[in-house]
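My entries follow in the order in which I looked.

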Amino acid sequence: MTEDPVASESSPPTPGPVVGVALMSQDFSAATVTALRHRLTAAVTDAGLAGDAGYDFVLAVHELVTNAVRHGGGHGHLDLRRQDDVLICEVTDRGAAAGSLPVRLPAADVAGGRGLWLAHQLAEGLILARGLHGLTATVTACLSPAETSAGIPATARRHDEPDGSVADDEQ
């Protein structure tokens with residue numbers, strides 16, 4: 001690899017390549033939260049995460065988005081990507097990121113404060129990372145092929161019989 005003659009030691013580092021396949025990248029504000037959630041739902045479903053698992057993942061991301069609007073400066077950025085069989089969604093805001101970030105269920109008589117706890121409960125994983133300019137919250141969900149009760153992927157099933165089995169004369 002040759003060195004870039006324009007780059008110098010005072011140049012900011014170039015970010016590395018994004019790992020995985022980008023599915024969605026969008027700035028958001030309070031005015032666009034609902035439209036963002038609808039677009040996210042479609043992208044998650046298209047990626048293969050549907051039903052309760054898809055709903056839970058979208059709700060986890062929605063909690064992070066509303067936290068960014070409420071506590072992170074009123075706006076933020078969402079990146080959704082797929083890496084192998086994992087969906088990864090990063091929500092970044094420009095909030096002060098001061099103080100602790102509790103990922104616990106507050107007392108029943110406390111209003112609010114459940115967003116991070118909900119995201120943690122609804123996603124496969126939650127990572128919070130503070131940076132110089134705010135906070136990035138990352139949630140993940142595993143994708144797995146639909147399987148029949150016999151453990152055969154649905155895409156490999158024959159549709160000759162109602163249960164996917166092959167008729168006796170074809171075996």
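Entry on the sheet. I looked up the strand order and found that 5 strands form an open sheet, in the order E1-E2-E3-E5-E4, with antiparallel pairing. I took strands as DSSP runs of E with at least two residues and helices as runs of H or I with at least four, both numbered from the N terminus, and I counted two strands as paired if DSSP finds at least two bridges between them. Strand E1 (21–29) and strand E4 (125–131) each have a single partner strand and stand at the edges, so one side of each is left without a neighbour in the sheet.

Entry on the source. I note that this is a predicted model, in which local features need pLDDT of at least 70 and side-chain atom pairs count only at pLDDT 80 or more, while totals for chains, interfaces and linings use all residues. Residues are numbered from 1 along each chain as its sequence is written, and side-chain values use heavy atoms, with hydrogens and water left out.

Entry on the pairs. I found E1 joined to strand E2 (residues 75–83) by 8 bridges, the two running antiparallel, and within this pair Asp27 stands opposite His77 in E2. E4 and E5 also pair in the antiparallel sense, over 7 bridges, and they form a hairpin with 2 residues between them; here Gly131 stands opposite Gly134 in E5.

Entry on the helices. I looked up what lies against the sheet and found helix H1 (residues 33–46) across E1, E2 and strand E3 (86–93), running at about 170 degrees to E1. Helix H2 (residues 51–71) packs on the sheet and touches E1, E2, E3, E4 and strand E5 (134–142), with its direction at about 10 degrees to that of E3. For such angles, axes are lines fitted to C-alpha atoms, for helices over the stretch in contact (heavy atoms within 4.5 Å), and the values run from 0 to 180 degrees between N-to-C directions.

Entry on Cys89. I located Cys89 in strand E3, and at 0% relative accessibility Cys89 counts as buried (under 20% relative accessible area, with a 1.4 Å probe and protein chains only). Leaving aside neighbours within four places in sequence, Cys89 is in contact with residues including Phe57, Val61, Leu78 and Val139. Asp79 is 10 residues from Cys89 in sequence, and their C-alpha atoms are 5.6 Å apart.

Entry on the whole chain. I noted that buried residues make up 29% of the 171 residues.

Notes. Buried means under 20% relative accessible area, exposed over 50%, partly exposed in between (1.4 Å probe, protein chains only).
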